[in-house]
Amino acid sequence: MAQHNDIEPQAASDAPVQRNQQDIRAHNQTVILAAAEEEFVLQGFRGATMQGIADRAELPKANVHYYFKNKKNLYQAVLHSIIQEWNDGLVAMSVDSDPKTVIEKFVRTKLHQAFAHPNRHKLFALEVIGGAPHLHEFMSATMKAWALDKAQVMKTWHKQGKIGIADPLQLLILIWATTQRYAEFETEIVGLMEKREYDQQDEARAADFLVPFILRGCGLE
């Protein structure tokens, strides 16, 4: 059962009380974001309600509004938390990096994110399919800048003869498509596997297939 209370600090010097309140706030916000993530995936932005999110979080609706002013505010918070997690997992790369190491790590990182948090990929996909009205700035600025920067590094690798891919943007799209598919089309894939859900070995099996496949395409066997 989620924690329902928010405790106001009694005094600025009362450190244990302040820490207790901070822990409660952090816990409740985490619970609400997780519940909202699921609600938005299942109901869409229009169909989701603050009451539905509160029910999933097992919190009073008033508590949800205490942390997040309205549904749009909460939806944007969920999207931003997803982006932050993905940004934290981005693979650093430069012209001096080893292409094989970088590309393998990128594929494995994207696969792990897809298997560990499939709803986040589903929600992001739904937002993009809908024209990304809440992520326009991120899509047109941050994400584009990141992709073009990585593509430029890989173009230099190609000129140096380190990889056989002349169009690295297509490589990035391929990696996104193949790794995120496991999350976005989870129902389809587990059905084809004749199971109800992924097991602990499925991520490893996907990585064992995709990593050498993509490396070979890059001329990095």
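The points below take up a helix pair and then a pocket.

1. This is a predicted model, in which local features need pLDDT of at least 70 and side-chain atom pairs count only at pLDDT 80 or more, while totals for chains, interfaces and linings use all residues. Residues are numbered from 1 along each chain as its sequence is written, and side-chain values use heavy atoms, with hydrogens and water left out.

2. Helix H5 (residues 99-116) packs against helix H8 (residues 168-184) at an angle of about 30°, the two axes lying 7 Å apart. That makes H5 roughly parallel to H8 (angles under 35 degrees count as such). On the H5 side the contact (heavy atoms within 4.5 Å) is made by residues including Phe106, Lys110 and Phe115, and on the H8 side by residues including Trp176, Gln180 and Tyr182.

3. By class, the contact of H5 with H8 has 12 nonpolar, 2 polar and 1 charged residues, where Ala, Val, Leu, Ile, Met, Phe, Trp, Tyr, Cys and Pro count as nonpolar, Asp, Glu, Lys and Arg as charged, and the others, Gly among them, as polar.

4. The largest pocket holds about 430 Å³ of space (on a 1 Å grid over the protein atoms alone, a pocket is an open set of points where a 1.4 Å probe fits, with protein on both sides within 12 Å along at least five of seven lines, and lining residues have an atom within 4 Å of a point). Of its 21 lining residues, Phe138, Met143, Trp146, Trp176 and Gln180 are the closest to the centre.

5. H7 (136-159) gives the largest share of that lining, 7 residues, and the lining as a whole has 13 nonpolar, 6 polar and 2 charged residues.

Note on methods:
Axes fitted to C-alpha atoms, helices over the stretch in contact; angles between N-to-C directions. Helix = DSSP H or I, 4+ residues; strand = E, 2+ residues; numbered from the N terminus. Parallel < 35°, antiparallel > 145°, perpendicular 65-115°, else oblique. Points joined across faces, edges and corners; volume = space filled by probe spheres on them.
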